[in-house]
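Biologist: I am new to this one and would like to learn how to read it. Could you take me through it, one feature after another?

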Number of protein chains: 2
Amino acid sequence: MKQPPQQQMIHEDQLDYSEEPVRALSNFEVHCQQPFNAEPYLPLLINAGNITPSDIFFKRNHGPIPNISYDHHQLFVGFQHSPQNKIDNGHVEWKSLSMSDIMTLWPKITITASLQCAGNRRDGLAALKEVKGVIWKAGTISNARWSGVRLRDVLKDVMHIPEDLVHDMVRDFHVAFEAEGHVLEDVCYGSSIPLRKAMDPLGDVILAYEMNDEPLSRDHGFPLRVIVPGYIGARSVKYLQKIIIQPQESEAYYQQKDYKILPPWVDHTNVEDSWDAVSSLGEMNVQCVICTPTEQEDISPDIPLTIKGYAISGGGRGVYRVEISIDGGETWEAVKMEQKPERKSGMFWSWALWEKTVSRIIKPTEIIARAYDSSGNIQPETPIWNYRGVMNNAWFRVHVVPMHSNIRTRL
Amino acid sequence: MKQPPQQQMIHEDQLDYSEEPVRALSNFEVHCQQPFNAEPYLPLLINAGNITPSDIFFKRNHGPIPNISYDHHQLFVGFQHSPQNKIDNGHVEWKSLSMSDIMTLWPKITITASLQCAGNRRDGLAALKEVKGVIWKAGTISNARWSGVRLRDVLKDVMHIPEDLVHDMVRDFHVAFEAEGHVLEDVCYGSSIPLRKAMDPLGDVILAYEMNDEPLSRDHGFPLRVIVPGYIGARSVKYLQKIIIQPQESEAYYQQKDYKILPPWVDHTNVEDSWDAVSSLGEMNVQCVICTPTEQEDISPDIPLTIKGYAISGGGRGVYRVEISIDGGETWEAVKMEQKPERKSGMFWSWALWEKTVSRIIKPTEIIARAYDSSGNIQPETPIWNYRGVMNNAWFRVHVVPMHSNIRTRL
C-alpha cells in the first residue's frame, strides 16, 4: 500500500519562493509578495461580470506555490475510524489516485461558485483595533466555473461507505484536506468540513481540476483543489494531496487557530487561551459590497450615477434583497439584482451582482448598501471587532464627493 | 379514488368559535381571543427549561380550532406534475391515509425542535411605525419533543418517487400543506416548503401526532401537524389534511401575502403591488432574547443578578456564541450556554438556553444580549422596520432599575 509523503514543518526563512509563477499584476493590489496575496481592484472585479477571469481572481496563499507534476501527483484518500487511532501514515488505511484516475473514473461535473476569503473586508475591523492577518479590502471574492468530480462519488467509491452508514456518521465525522507544499504556520495547509456537507447530494462539493474551462493555474491550485461552495474560501484547499474521513475536525492551524470569530474581549494578550472555546467557521454570512464608485471618488454632479456591487450569502442561501441609500441611511431604494442558482441543485453558490442608477448627486454623501439573505439574516449597521478580523459584513459605506465641472476644469 | 373535501372561504362573521378548547390562561398574555393568540410570559417560558410544557407553549391561530375526529380524519396526499395542471381535486391524483395508517405504516420518529413565529418580537417593529399583525412580544417561541413519521418516508412510499427523480426535482418542486378548518384570510390555512427540505435525510421534517409524548392538543394541531425544524413556525401546518407535491410554491395567503420581509419603503399604501416581488420566508434568522429580568423590572443592587434567555438560528445552524452587556453595549461578556443537536442528524433544531450571573448592578442600565450563529451571521444593533413586522432580530435590550433596600422598604 502506498503511503503519502511525510511533510515536515520548516522555518519561515527556509520557505523557497524561487519557483513562483509569473504573474501579471496590473489588476491587483498586492498586500504581500511572499506568500503572494493580492486582490483585484473593485471596479475591475465588478466590470468583469458574473464569471471572474483568472487574471482578476484574488490570490490567497500561506506559502510558496508548490511546483507539482501532473503526471506524478498522487491524491491519497484515507479513513480513520476512531479518534483513538491518531492520524499518521501508519494508522490510516490509504488508497491513492493519480490525476488520470480522477479524470477518468468519475463523470466530469461543472459548478459555478464564488469563493470568498473569511478575511474579506478585514480593513474595516483593522480600522477599529489591531487585528492579525492580511489587511484585505473587499476584493477577496470572485466567481468561477469549476470542473472536476464530486467528492461524494470519490468517497463512496474509494471508501465503500454505504449510504446508511453515511447517515449514521454525519453527526460526528469530518472530511479533512491536506495540501502539498510548505506554509508559514504549520506542516502543510490543512482544513476540514463536516462529512454531512461532503456527502450532501445537493452540497456540490467537488475536486476541481479546471477553472473557467482551463486547467487550474498554479496560483489557483494546480493540479487539483477542493471547491466547497457556500463555505469560506479557506475550506477549498488547493494543491490537494490528502483527504481523510475522520471522527474530528482537522487539527491544522487553519482549522483551529484561524478562521474563528473570537469574542471582542480577546486580543493578542489573551488569544492563546481562547482558541479551543470558539468553533471553526464553515458557511459564509450575508455580505454586500459596493464596487463602484469607490471611496472618495470624485463624481460628476451633472449626470446620473450608476452604483454597482455584489452580494452573497453562505450555505446555498440566496440573496433575498439588496437595498441602497444615497443619503447616509435616511431612505432606501431597490436595486436591479441577478443571482443564478446552480443548475441542478438550485442552491445559490454564486454571488448576486446588482446595480442601481441614481439621479444626480449634488453634495458629498455616504452611499450605503445592505443585503438580506433568504433566511432573513441582515448585515449589522457597524462592524463588531474580532482579533482575527474575519467575517466582517457590516453595511458597506462609500463616501463620494461631487465635483462640479468648473472646479474640475480648473484642476 | 377518494377526493379531499372541497373547502369554501367564509366571511369573518361566520367563523364559528363555539367549539374552542378549554384553556388555562394564567401563563399567557392573550393578544386575541378569536382567533386565539397568546404567548407565555418570558420568565415562565425560560424557567420551564429546555422542553416547554404544553401549558406554556405559545398558541398561534388564524381561525377557530377545528374539532377533528381521530377515527375519521383522512390525510390526502397528491402529486401535481406540471404547473399547467392547476391544482384542484379533479387534476391531482390523490391517495388518502387514515391516522391509523400513518401510525402503523412508518416507524415512529421523535425529534426535538423549537417553533418560532416569524412575528416574534413584532412589538419592536410596531414601535417604529404601524405594522400589520398580532403585536407579539418575544414569547412566540417554544421547544418540544415531536413524535410522528418522516415526511420523506411518506412521500417516497405513497408517491413512489425514486431517489434519482427527487434529485432532479429538488430545484423546482415544493411540498404544499393544507389544514382542515376555516380561517380569516383564505379558504384554509396553507403553506409550502421546498421539496429539497422535505426530502433531505437530515432535514428531519415529520408529520407529528405527539407533542412531549402525548397526543397533540387541539391548540397544537390535533390530530396531525407538520413539523419543519429550522423554519419559521408558519410552515409547520396544524390540522393537516392535504399534502401536495407541486411545481410551484403554495398559493395560499400565508405563503404569498404574509411572512415576507417587505422593503422598508412599502407600507399599507402600496403593499398590494409589492407581494409578488418579494420571496417567501423559510429558514429562521439568528435570534437572541433576554427572558429575565424583564423590562423595567426593579432589581436589588445588593446581590448578584442572574440574566437568562434563549438564542436560536434557522436551517439547523447552531448558536455560535451569545454575548451580554450590562453597560448598554460598551463592554461584553461571555455567557454559559447549552444547545443540544438533534441526536442523529446533528442539526441544531432546538434553541440554546443561556444564563449569566453578573455582579451587583447599582445604577439604572440597559442590559443587551446578542448572538452569532454558526454561519457568522450576527444580529443588527437596531431593528429595520417592515410592514408585516416579521423576523425582527435586533439586539435585545432590557432596561433595569436597581431599587435600594431603603427605598423598597419605604414602598
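Modeller: Gladly! Please keep in mind that this is a predicted model. Let us begin with a sheet in chain B: 4 strands form an open sheet in the order E13-E15-E19-E18, and their pairing is antiparallel.

Biologist: Which strands are the edge strands of this sheet?

Modeller: To find an edge, look for a strand that pairs on one side only; here these are strand E13 (287-292) and strand E18 (336-338) of chain B. Direction ignored, neighbouring strands of this sheet are turned by 25° against each other on average.

Biologist: How many bridges join E13(B) to strand E15 of chain B?

Modeller: There are 5 bridges between E13(B) and strand E15 (residues 305-312), and the two run antiparallel. To see one of these pairings in the 3D view, pick B:Thr292, whose bridge partner in E15(B) is B:Lys308.

Biologist: What is the strand order in the open sheet of 5 strands in chain B?

Modeller: That order is E4-E3-E12-E7-E8, and the pairing in this sheet is mixed. Strand E4 (93-98) and strand E8 (190-194) of chain B each have a single partner strand, so they stand at the edges with one side lacking a neighbour in the sheet. From one strand to the next, the twist averages 20°.

Biologist: In what sense do strand E7 of chain B and E8(B) pair?

Modeller: Strand E7 (residues 174-179) and E8(B) pair in the antiparallel sense, over 5 bridges. Within this part of chain B, B:Ala176 is opposite B:Ser192 of E8(B).

Biologist: Now to the two chains. How many residues does each chain give to the contact?

Modeller: Chain B gives 52 residues and chain A gives 52 residues. Between them an area of about 3900 Å² is buried, with 57% of it from carbon and sulfur atoms. On the chain B side, the residues that lose the most area to chain A are B:Arg171, B:Trp265 and B:Tyr320, which together make up 17% of what that side buries.

Biologist: And how should I read the charged pairs?

Modeller: Start from the general idea: side chains of opposite charge can pair when their charged atoms come close. Between chain B and chain A the count is 2 salt bridges. In a salt bridge between A:Lys344 and B:Asp168, the closest N and O atoms are 3.1 Å apart.

Biologist: Which elements give two or more residues to the side of chain B that touches chain A?

Modeller: They are helix H5 (163-169), strand E16 (319-325), strand E17 (333-334) and strand E20 (365-373) of chain B. Sorted by class, that side of chain B has 23 nonpolar, 14 polar and 15 charged residues.

Biologist: What about the backbone?

Modeller: In chain A, the peptide bond from A:Gln34 to A:Pro35 is cis, with omega near -5°. A:Pro35 sits in the loop between strand E1 (28-32) and strand E2 (37-40) of chain A. The bond from A:Thr292 to A:Pro293 is cis too, with omega near 5°.

Biologist: Where does A:His160 lie?

Modeller: Look in the loop between helix H4 (151-159) and helix H5 (163-169) of chain A. A:His160 is not a glycine, yet has a positive phi of about 50°.

Methods
Residues numbered from 1 in each chain as written. Chains lettered and ligands numbered in written order. Predicted model: local features only at pLDDT ≥ 70, side-chain atom pairs only at ≥ 80, totals over all residues. Heavy atoms only, no water. Contact = heavy atoms within 4.5 Å. Buried area = accessible area lost by both parts, 1.4 Å probe. Salt bridge = Lys/Arg side-chain N within 4 Å of Asp/Glu carboxyl O. Nonpolar A, V, L, I, M, F, W, Y, C, P; charged D, E, K, R; others polar. Pairing = 2+ DSSP bridges. Axes fitted to C-alpha atoms, helices over the stretch in contact; angles between N-to-C directions.
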